[in-house]
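Me: I am new to this structure and would like to learn how its features are read. Could we go through them one by one?

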Amino acid sequence: MCCSNSIERDKAMMGEPEAFDISVVSGMKFFDPHVHMTSRTTDDYQAMADAGVVALIEPAFWLGQPRTGLDSFRDYYSSLIGWERFRSSQFGIKHYCTIGLNSREANNESLSEQVMEILPLFIYKEGVVGIGEIGFDDQTAAEEKYYRLQLELAKEAGLPVQIHTPHRDKKKGTQRSMDIAIEHGLDPYSIIIDHNNEETVKEVLDRGFFAAFTIYPFTKMGNERMVEIVKQYGPERIMVNSAADWGISDPLAVPKTAALMKMRGLSNEAIELVTYRNAITAFAQSGQIDEADFNAPQSIDQSVKFEGNTILRGGQQPRTDKSSIIIS
Amino acid sequence: MKACDVVTANKLLLDIIKTNLSGEALNWVEAWEATPDQINGLGKAFVMAPRKTGKAIVQPSVLQLAALEDAGLANVSQWSIDRLFRVWLLGNLPATAQDKLYAAIDQLFLSAEMNEAVALYSALPFLPFPAIWAKRCAEGIRSNIGSVLEAIMENNPYPAQYLDEAAWNQLVLKAFFTEKNINLIVGLDERDNLELALTLTDYAKERWAAGRKVNPQLWRLVGKFTNEEIFEVLKTGLQHYDQVEQRAIALAVAASDYEPAKDYIDTFPELKAVLAEGSLSWDKF
């Protein structure tokens, strides 16, 4: 999410943009552990698949405006494990999700009570790899209450937790999130602290948590800064994500960051850890990630028929030629 | 399926489940069998199934395979173990309190992820009080998820037995639209009807107008109902001079009593010859 920005002003500040050359990282596989695909188009899915994204995690979040009833939550959670998972599969991308009550809407207490009652219906579903994204926004008492209740739920279900850290008063909010998780007896190794920056990363890593970084224009991390962080702290327990959503964001943030890391001299091993492996290590603690589901040698031939059916098993979508004026 | 067939089928499914599981997974299934209030525990067991049983494709024995074929359930041999278990779980629920059972299963439909939805629709023919799920089945046909549609449309005896004509026709039309394997629709020929034949001929005309091909299986559901209006459409198809399409239309007309259409087919020597030969059949299109 972002304020309005002028391209002219950006050019004046940053110079002409450098083109993204995917060939630097061609053949690499990527895992985007935080991306809100319900807000994205099929063009984005196609571009992600082309750039090597083989799997992703879609955390439950707020939709840009508050929901007013329980059924809106129920249908949203259902869409993450149903329709969106199917849409993703059409592009050969394995779709996982985390389920939770986000911090902003936790402030609607009467509704939050009801949401807490239906969460157990969803967190045990196949492909639900954690409770998330939960944590603090305004850092109110209500946010803390539902954060704590959901930590208990994660503990009971044996699921990892994906923690959103606040935009405002980030450093204190991040510390407080970690303090409370430890107070509830959760293992830092099962917790992914998200949206880190230069100011928060050291403490998160020192205390044994996973540190996720969101590469998101204007408001969160830029990927040049990300390269420096990996150079400084090493690749262990660090992962990058796009958090692409309904705001100005980039669903190719993970492959682009990998390409930049490659160009700036990081090793292939380090790049693989922060753009693929560490996310799997963290979220596979749910028991819900089988790497074979997306790591098998891929041979998607759009012309292959399944039982005389022109659509591939699983409904692989045929590709359209975007450069053509003809739509048939 | 008849009630007695369901009992036999459930026994067979359980037999396959047990020979495909061992250790902790098998204990879990046996514990479930001994659970007194299964309706109360249904939600949890249904959702957790893959964590307990795994998701491997079942490997029935030669005997089990033969029994599946006898029961008209040959396709079950391609199911994953969690799907098979879930179907058995639902089909084996006590047929006592209808309202309570409906509420418990309906809740599963409302929060189903993709694989759960596939299992739920696959289970329709096995459920106690099967008739109460006709509306839910019609709702499922509105899905756009390929695997869910396949679970309803392909190798599933439920729709032909319980859907009213409007819902049935929607199923068949959507199967053509979404390019499902028409040959796998159970009861396809038994449930053909004039309304469906007219809708399908309109659909064929739309396809032609868009420059697209028509699935030859479509004519199988049209031929018997040939009348003046349909005959005009068939003539258009024959004049495309596409051999597959021509042969499908000829085979369709062979099932009709409408003499003008039969006479018209006879004006095509090649079609007249293959019909006389008797080598055409719908399975070959």
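This is a predicted model: local features need pLDDT of at least 70, side-chain atom pairs count only at pLDDT 80 or more; totals for chains, interfaces and linings use all residues.

Me: Which residues of α5(B) are buried?

Reply: A residue is called buried if 20 or more other C-beta atoms lie within 10 Å of its own. In α5(B) this holds for B:I81, B:D82, B:R83, B:L84, B:F85, B:R86, B:V87, B:W88, B:L89, B:L90 and B:G91. Helix α5 (residues 81–91) of chain B is therefore largely enclosed by the rest of the structure, as 11 of its 11 residues are buried.

Me: How is the packing of two helices described?

Reply: Two packed helices are described by the angle between their axes and the distance between the axes. For α3(B) and α5(B), the axes come within 9 Å and cross at roughly 145 degrees. The crossing of α3(B) and α5(B) is right-handed.

Me: Which residues make the contact of α3(B) and α5(B)?

Reply: From α3(B) come B:A45, B:F46, B:A49, B:P50 and B:T53, and from α5(B) come B:I81, B:D82, B:F85, B:R86 and B:L89. Sorted by class, this contact of α3(B) with α5(B) has 7 nonpolar, 1 polar and 2 charged residues.

Me: How many residues of chain B are in contact with chain A?

Reply: On the side of chain B there are 14 such residues, and they are in contact with 19 residues of chain A. The elements of chain B that give two or more residues to this side are α3 (38–53) and α7 (114–123). The most come from α3(B), which gives 4 residues. By class, the side of chain B that touches chain A has 7 nonpolar, 4 polar and 3 charged residues.

Me: Let us turn to chain A. In what order do the strands of its open sheet lie?

Reply: A sheet is read from strand to neighbouring strand. In chain A, the order is β1-β2-β3-β4-β5-β6-β7-β8, an open sheet of 8 strands with parallel pairing. Its edge strands are β1 (30–32) and β8 (238–241) of chain A, each of which pairs on one side only. On average, and with direction ignored, neighbouring strands of this sheet are turned by 25 degrees against each other.

Me: How many bridges join strand β2 to strand β3 of chain A?

Reply: Strand β2 (residues 53–59) and strand β3 (residues 94–99) of chain A run parallel and are joined by 5 bridges. As an example, A:E58 has A:C97 in β3(A) as its bridge partner. Helix α11 (residues 268–283) of chain A packs on the sheet and touches β1, β2, β4, β6, β7 (210–214) and β8 of chain A. The direction of α11 makes about 110 degrees with that of β8(A).

Me: Which way do the side chains of a strand point?

Reply: In a regular strand the side chains alternate between the two faces of the sheet. In strand β5 (residues 161–164) of chain A, A:V161 and A:I163 point one way and A:Q162 and A:H164 the other way, and all are buried. In β8(A), A:I238 and A:V240 point one way, A:M239 and A:N241 point the other way, and all are buried.

Me: What pairs with β5(A)?

Reply: Strand β4 (residues 128–135) of chain A runs parallel to β5(A) and is joined to it by 4 bridges. Here A:I134 has A:I163 as its bridge partner. Strand β6 (residues 191–193) of chain A also pairs with β5(A) in the parallel sense, over 3 bridges, and A:Q162 stands opposite A:I192.

Me: Finally, is A:L205 buried or partly exposed?

Reply: One counts the C-beta atoms around the residue. A:L205 has 19 other C-beta atoms within 10 Å, so A:L205 is partly exposed. A:L205 is found in helix α8 (residues 201–206) of chain A, and residues touched by A:L205 include A:A211, A:Y233 and A:R237.

Terms used. Residues are numbered from 1 along each chain as its sequence is written. Chains are lettered from A and ligands numbered from 1 in the order in which they are written. Two residues are in contact if their C-beta atoms, placed from the backbone, lie within 7 Å. Ala, Val, Leu, Ile, Met, Phe, Trp, Tyr, Cys and Pro count as nonpolar, Asp, Glu, Lys and Arg as charged, and the others, Gly among them, as polar. A residue is buried if 20 or more other C-beta atoms lie within 10 Å of its own, exposed if 12 or fewer, and partly exposed in between; C-beta atoms are placed from the backbone. Two strands pair if DSSP finds at least two bridges between them. Axes are lines fitted to C-alpha atoms, for helices over the stretch in contact, and angles run from 0 to 180 degrees between N-to-C directions. A crossing is left-handed if the near helix is turned anticlockwise from the far one by less than a right angle, and right-handed if clockwise. Lists of a residue's contacts leave out its neighbours within four places in sequence.
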